[in-house]
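Hi,

Here is the structure I promised to pass on. Have a look at it first, then read my notes below.

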Amino acid sequence: MSSPHFTPENAALVLIDHQVGTIQLIKNIMPDTAVRNAALLGQAALAYKMPIVMTSSQEDHVQGPLHPLLQQTMPDAYAARVKRVGIVNAWTDPNFVKAIEATGRRQLIMAAVTTDICLVFPAISAVEAGYEVQAVMDASGCFTEIAEDMARRRMERAGVWLTSTNTMVAELVQDWSTPEGGPLVMAMTAISPMLPVEWASA
């Protein structure tokens, strides 16, 4: 299995169940980290005019609505989100698959909450359907470390590539000096603040 090289021209962003209720189940990382990273992925997708597919499950139940930050960052994708009625594996929802197919892209950048339920199943199903998938682990999250680990192992065995937000963004950008790259590197450092660098004069 050779490593895929994702490009903005061939990839779509898929965000699954980043809802205010489900986010509270994340314990392996800070829940806010997963949300901010999902939003950063959205900024990258918007910068390169990549398709974005969002889905949620039972927003009127304990899962709650999608996080407001995602709505603010990607309002069009939010408005067009696929509202599932309770289907666990989003890939078995025909409306979700229709939205994926409508992007015309064969490379999918996926993140979901939680990793062991909302991400593992559609990521594997997408690979089985012939898509290349990178699962962004720090834009996802899980209730326990063992559940996270088992989901990661299962995805890797099925051919899903695991990555992190910064790696994924850098793979799309390729050159920080571009009009798209400059703002995105600033967004990345805003999430992980850096101390000012004082350059020594010659």
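Let's start with the largest pocket: helix H5 (residues 115–128) gives the largest share of its lining, 3 residues. Before going on, note that this is a predicted model, where local features need pLDDT of at least 70 and side-chain atom pairs count only at pLDDT 80 or more, while totals for chains, interfaces and linings use all residues. Residues are numbered from 1 along each chain as its sequence is written, and side-chain values use heavy atoms, leaving out hydrogens and water.

A few terms for that pocket. On a 1 Å grid over the protein atoms alone, a pocket is an open set of points with protein on both sides within 12 Å along at least five of seven lines, and lining residues have an atom within 4 Å of a point. Helices are DSSP runs (H or I, at least four residues), and strands are too (E, at least two), numbered from the N terminus.

The pocket holds about 280 Å³ of space. Among its 20 lining residues, Thr-22, Leu-25, Gln-63, Ile-117 and Cys-118 are the closest to the centre. The lining splits into 9 nonpolar, 8 polar and 3 charged residues.

Now the charges. The whole structure has 4 salt bridges (a side-chain nitrogen of Lys or Arg within 4 Å of a carboxyl oxygen of Asp or Glu). One of them joins Arg-81 and Glu-59, at 2.7 Å from N to O. Arg-81 is in the loop between H3 and strand E3 (82–84) and Glu-59 in the loop between E2 and helix H2 (68–73), so this pair ties together parts 22 residues apart in sequence.

Helix H6 (residues 145–158) has Arg-152 and Glu-148 4 residues apart, about one turn of the helix, and their side chains meet in a salt bridge of 2.9 Å, N to O. Is Glu-148 buried or exposed? Glu-148 is buried, with a relative accessible area of 1%, whereas Arg-152 is partly exposed at 29% (buried means under 20%, exposed over 50%, partly exposed in between, with a 1.4 Å probe and protein chains only).

Cheers

Notes: On a 1 Å grid over the protein atoms alone, a cavity is a set of points where a 1.4 Å probe fits but cannot get out, and a pocket is an open set with protein on both sides within 12 Å along at least five of seven lines; lining residues have an atom within 4 Å of a point. Grid points are joined across faces, edges and corners, and a volume is the space filled by probe spheres set on the points. Ala, Val, Leu, Ile, Met, Phe, Trp, Tyr, Cys and Pro count as nonpolar, Asp, Glu, Lys and Arg as charged, and the others, Gly among them, as polar.
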